[in-house]
Each structure stands twice: as structure tokens, then as C-alpha cells.
Amino acid sequence: SRAGELLLFIGAAATTAVAPQFAKLHHDGQKETLQRLLSAMGRRVLLLSVPPTLLMIVFSGPLLQHLYGLDYLEGKRVLQWLCVAQFLVVSGGPLGTLLNMSGHEKTHLYGIGSGVAANIALNAMLIPIYGAEGAAIATCLSIVLSRLVLLSLVRHHLDIRPSAFGL
């Protein structure tokens, strides 16, 4: 889980650096400038995130064995699923930060809550059948749901396309 979360570092660092600009541009009504900033930042963060994501997915077995020992080698698929989930978070853009910086904190909470609810339900269904890999799949699916909800809320409330893909 911690290894997969390393992928969030690049996006978090970039978002922290420009978050005050999000708020200022939104407050000043400069939606086009905000859109350009988000698109440029999203593409850069995505480009920086692809290599470590691919490395962690392709070499998950050797990485786990080297860092944690043979006992953790069975967590290879778990790490792969969590890397996919974290890559989706990064590629979707700074959805929560955008909502928070524009005065939509409760809306952000709704998006996160949808993911938490889905995670609880999916874990209850998948862990008894698939064990740790089921938990990783549940996490990945609940992150996808939460990010889709947050993406639609950002599009609805702010009318901007925050993802690296222009979605």
C-alpha cells in the first residue's frame, strides 16, 4: 500500500505548489487561464508519473522481494492493483483541491464519501473470495467511482476539465 502511494507524491507536490493560484483564478473569474494551468500541470504530472508507475507494475515482484523480503512476494498483484488505482488518481487531476479552493468543500466530501461507501461494500464482497487481492481490487474500483463522481462534480460546479486527458 505504501509503495503504491509513492505515485501520489508527484501530483501532491505539484498541486500544493499551485493550489493558491487555483483559488485566485477561480475568484477572479479567469476560467480559461485556470483551464490552461490545469491542462499544463496535468500533462506534466502525468508524464512524470508514467515511468515510476510502469516500473512498479512491471517489476513489482523483484521490488517487493528486494525491499521487504520473500514473504511479501505474494503481494505482487496487490501492488499492481494499487499502482493502477493511484495512477488513476494522478491522471484525473487535483479534483478535491479544486473543489476545496472554490468553496465546494461539502461537495468534495460527497465525492469522497461515495468512494468510502463503495470501498466498504466491495471489500465485504471481495475479501472473503479473493483475500488481499480482493481488497486491492475493491480499493481500485472504489477509487475509480470516487474519481468519476468528483470529476462530474468539478465539471458541474466549475465547468472546467481538470484531467490530463482533457476530461
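**Entry 1: α7 and α8**

I looked up the handedness and found that α7 passes α8 in a right-handed crossing; a crossing is right-handed if the near helix is turned clockwise from the far one by less than a right angle, and left-handed if anticlockwise. The model is predicted, local features need pLDDT of at least 70, side-chain atom pairs count only at pLDDT 80 or more, and totals for chains, interfaces and linings use all residues. Residues are numbered from 1 along each chain as its sequence is written, and side-chain values use heavy atoms, with hydrogens and water left out.

I noted that the axes of α7 and helix α8 (residues 132-158) come within 7 Å and cross at roughly 160°. Axes are lines fitted to C-alpha atoms, for helices over the stretch in contact, and angles run from 0 to 180 degrees between N-to-C directions. The two helices are therefore roughly antiparallel to each other (under 35 degrees counts as roughly parallel, over 145 as roughly antiparallel, 65 to 115 as roughly perpendicular, the rest as oblique).

I then sorted the residues of the α7 and α8 contact: 16 are nonpolar, 12 polar and 1 charged. Asp, Glu, Lys and Arg count as charged; Ala, Val, Leu, Ile, Met, Phe, Trp, Tyr, Cys and Pro as nonpolar; the others, Gly among them, as polar.

**Entry 2: α4 and α5**

I checked helix α4 (residues 60-68) against helix α5 (residues 76-92): their axes come within 9 Å and cross at roughly 115°. That makes α4 roughly perpendicular to α5. This crossing of α4 and α5 is right-handed. In α4, Ser 60, Gly 61 and Leu 64 meet Lys 76, Leu 79 and Gln 80 of α5, where contact means heavy atoms within 4.5 Å.

**Entry 3: whole chain**

I listed 8 helices and 0 strands; helices (H or I, at least four residues) and strands (E, at least two) are DSSP runs, numbered from the N terminus.

I read a mean pLDDT of 89 for the chain, with 96% of its residues at 70 or more; pLDDT is the predictor's confidence in each residue, from 0 to 100. Confidence is lowest in helix α1 (residues 2-5), at a mean of 65, and highest in helix α7 (residues 105-130), at 96.
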